[in-house]
Amino acid sequence: MTARPVLVVEDEPKLAALLCDYLRAHGYAPHAVADGPAALAVFADLRPAAVLLDLNLPGLDGMEVCRALRRDSNVPILMLTARVDEIDRVMGLEIGADDYLCKPYSPREVVARVRALLRRSEGALASAHSAPGCSRVGGFMLDEGSLRAWWRDIPLPLTPVEFRLLRTLAQHPGRVFARARLLDAIYADFRDVSDRAIDSHVKNLRRKLQAVLPGHDCIAAVYGVGYRLEMPHEDGRPAE
Ligand code: CA
């Protein structure tokens, strides 16, 4: 795995060098700049995973840099400050830093905070990708949260049982699912239903899919075993 770049904005050369040493020792790729304009100039090219930002900088100060970065980036920003009275403002919505440390701080503590910030932002990213519970399989879109399904942009009027049936088949297009396996997937409890009960659900699901995919039978019956999904092409042509 390549080292993730971290932008260090600090005007005290010794402190900047110490922070960079610690970050490098912990597997990051630090890049130090000594003032605000340089931070903004480097940011766009470097695309750092996190920013360490000294509040008290010559020229453009840390607050202005933070505000400018926040205009179009959610990069985690750790503010380093000796100005305890400014912490509320720095962490507020107006400035939007993610965390802060007061000077004097230990470089070890800075590295621990950077790691925590990265973990948090990566966790947020992962949950944003899965939050609506939507999955796309070929031209199908399945929304786990609402049990709704679409073929391309056309909604499929499925019952919850039909939704679960389609979801199960769509997890492995082309694989044959035994009736008993499909029953397990569509009923949460162990109902005393015959394997044959699945046939009527399949019949209904097939009819609803044919309404949006005329001329194509998406669900193939495998005699004596069960069913499999035959994915149509995205444009609705039958699979070859
Ligand atoms: Ca400073």
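Two rings of Phe, Tyr or Trp count as a pair if their centres lie within 6.5 Å, and planes over 60 degrees apart make the pair edge-to-face. With that in hand, welcome to this structure, which is a predicted model.

**The aromatic pair**

The structure holds one aromatic pair. Its partners are Phe140 and Trp151, with 5.1 Å from centre to centre and 65° between the planes, so the pair is edge-to-face. Phe140 belongs to strand E7 (residues 140–143) and Trp151 to strand E8 (residues 148–151), so the pair ties together parts that are 11 residues apart in sequence. Are these two residues buried or exposed? Phe140 counts as buried at 0% relative accessibility, and Trp151 counts as buried at 3%.

Between E7 and E8 runs a loop, and Glu144 has its place there. Glu144 is partly exposed, with a relative accessible area of 31%. Its C-alpha is 9.0 Å from that of Phe163, a residue 19 places away in sequence.

Here are relative accessible areas for several residues of this report:

| Residue | Relative accessible area | Class |
|---|---|---|
| Phe140 | 0% | buried |
| Trp151 | 3% | buried |
| Glu144 | 31% | partly exposed |
| Asp54 | 2% | buried |
| Thr168 | 3% | buried |

Asp54 is buried, with a relative accessible area of 2%.

**Helix H3**

Next comes helix H3, which spans residues 62–70. Its buried residues are Gly62, Met63, Val65, Cys66, Ala68 and Leu69. What covers them includes helix H2 (36–46) and helix H4 (87–91), along with strand E3 (50–54) and strand E4 (77–81). At the start of H3, the backbone nitrogen of Met63 has a side-chain oxygen of Asp61 within 3.0 Å.

**Thr168 in helix H6**

The last stop is Thr168, found in helix H6 (residues 160–171). Thr168 is buried, with a relative accessible area of 3%. A polar atom of the Thr168 side chain lies 2.7 Å from the backbone oxygen of Arg164. Which residues does Thr168 touch, leaving aside those up to four places away in sequence? They are Phe177, Arg181, Leu182 and Ala185.

Methods. Residues are numbered from 1 along each chain as its sequence is written. This is a predicted model: local features need pLDDT of at least 70, side-chain atom pairs count only at pLDDT 80 or more; totals for chains, interfaces and linings use all residues. Side-chain values use heavy atoms; hydrogens and water are left out. Rings of Phe, Tyr and Trp (its six-membered ring) pair if their centres lie within 6.5 Å; planes under 30 degrees apart count as stacked, over 60 as edge-to-face and the rest as tilted. Helices (H or I, at least four residues) and strands (E, at least two) are DSSP runs, numbered from the N terminus. Buried means under 20% relative accessible area, exposed over 50%, partly exposed in between (1.4 Å probe, protein chains only). Contact means heavy atoms within 4.5 Å. A polar contact is a pair of N or O atoms within 3.5 Å; within protein, one must be able to donate a hydrogen and the other to accept it, and residues adjacent in sequence count only if both atoms are side-chain atoms.
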